[in-house]
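Here is a short tour of one protein model. Look over the sequence and the fold before reading on.

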Amino acid sequence: MVWVILAALGVPLWLCAIALLTLVFRNRSLRKRPGNVPVRVRRAAGRARAGHAVWISDVFVWRGSPAAWKEELEQVSSASLRPANDDERGDLHRIGDDPVIASLTLVDGGTIQVAARREHGAAVLGPFGDAG
């Protein structure tokens with residue numbers, strides 16, 4: 001249906017196909033970064049957003065999926081890990097049966113919660129994984 005509307009508006013379908021392929025290849029390049037962790041990131045208020053993340057020193061870098069155009073960089077001062085409770089699991093689609101949630105305390109005083117599969121628990125803590 002969308003294709004018909006775009007064609008009726010005069011948008012060339014080959015241009016739409018190129019845009020779609022660009023999104024697919026950008027998302028694929030995210031998953032191939034060294035240290036990549038598929039995550040769900042939740043700010044203080046709101047839903048968990050799907051994305052891919054890596055750590056660069058004490059900076060948590062993540063980009064939403066599929067292939068968001070902007071990466072977010074958050075400098076972290078501390079992190080802790082806990083299992084997700086039953087209420088939280090309802091919002092964590094395709095993250096596995098037993099997800100964990102890392103609470104990242106940011107240098108500016110804010111916090112974000114990052115959910116990941118249990119096997120990615122150490123990776124989601126990054127440099128704070130051996131701190132406690």
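Trp55, Phe60 and Phe128 form one aromatic cluster. Rings of Phe, Tyr and Trp (its six-membered ring) pair if their centres lie within 6.5 Å; planes under 30 degrees apart are stacked, those over 60 are edge-to-face, and the rest are tilted. The model is predicted: local features need pLDDT of at least 70, side-chain atom pairs count only at pLDDT 80 or more, and totals for chains, interfaces and linings use all residues. Residues are numbered from 1 along each chain as its sequence is written, and side-chain values use heavy atoms, with hydrogens and water left out.

By the ring rule there are 2 aromatic pairs. Tryptophan 55 and phenylalanine 128 make one that is edge-to-face, at 5.8 Å centre to centre and 65 degrees between the planes. Tryptophan 55 belongs to strand E2 and phenylalanine 128 to the segment after H4, so this pair ties together parts that are 73 residues apart in sequence. Helices (H or I, at least four residues) and strands (E, at least two) are DSSP runs, numbered from the N terminus.

Buried means under 20% relative accessible area, exposed over 50%, and partly exposed in between (1.4 Å probe, protein chains only).

Now the strands. A closed barrel of 6 strands runs E1-E2-E3-E4-E5-E6, with antiparallel pairing. From one strand to the next, the twist averages 50 degrees. Axes here are lines fitted to C-alpha atoms, for helices over the stretch in contact, and angles run from 0 to 180 degrees between N-to-C directions. Two strands pair if DSSP finds at least two bridges between them.

| Strands | Bridges | Facing residues |
|---|---|---|
| E1 (residues 37–42) and E2 (residues 49–56) | 5 bridges | Valine 37 and alanine 53 |
| E1 and E6 (residues 111–116) | 3 bridges | Arginine 42 and glutamine 113 |
| E2 and E3 (residues 59–64) | 6 bridges | Tryptophan 55 and phenylalanine 60 |

Arginine 40 has alanine 50 in E2 as its bridge partner. The hairpin of E1 and E2 has 6 residues between the strands, and glycine 46 there takes a positive phi near 125 degrees. The hairpin of E2 and E3 has 2 residues between them; serine 57 in the turn has a positive phi of about 60 degrees. In E1, 5 of the 6 residues are buried, so this strand is largely enclosed by the rest of the structure.

Leaving aside residues up to four places away in sequence, isoleucine 112 touches several residues, including Val41, Phe60, Ala102 and Leu104. Contact means heavy atoms within 4.5 Å.
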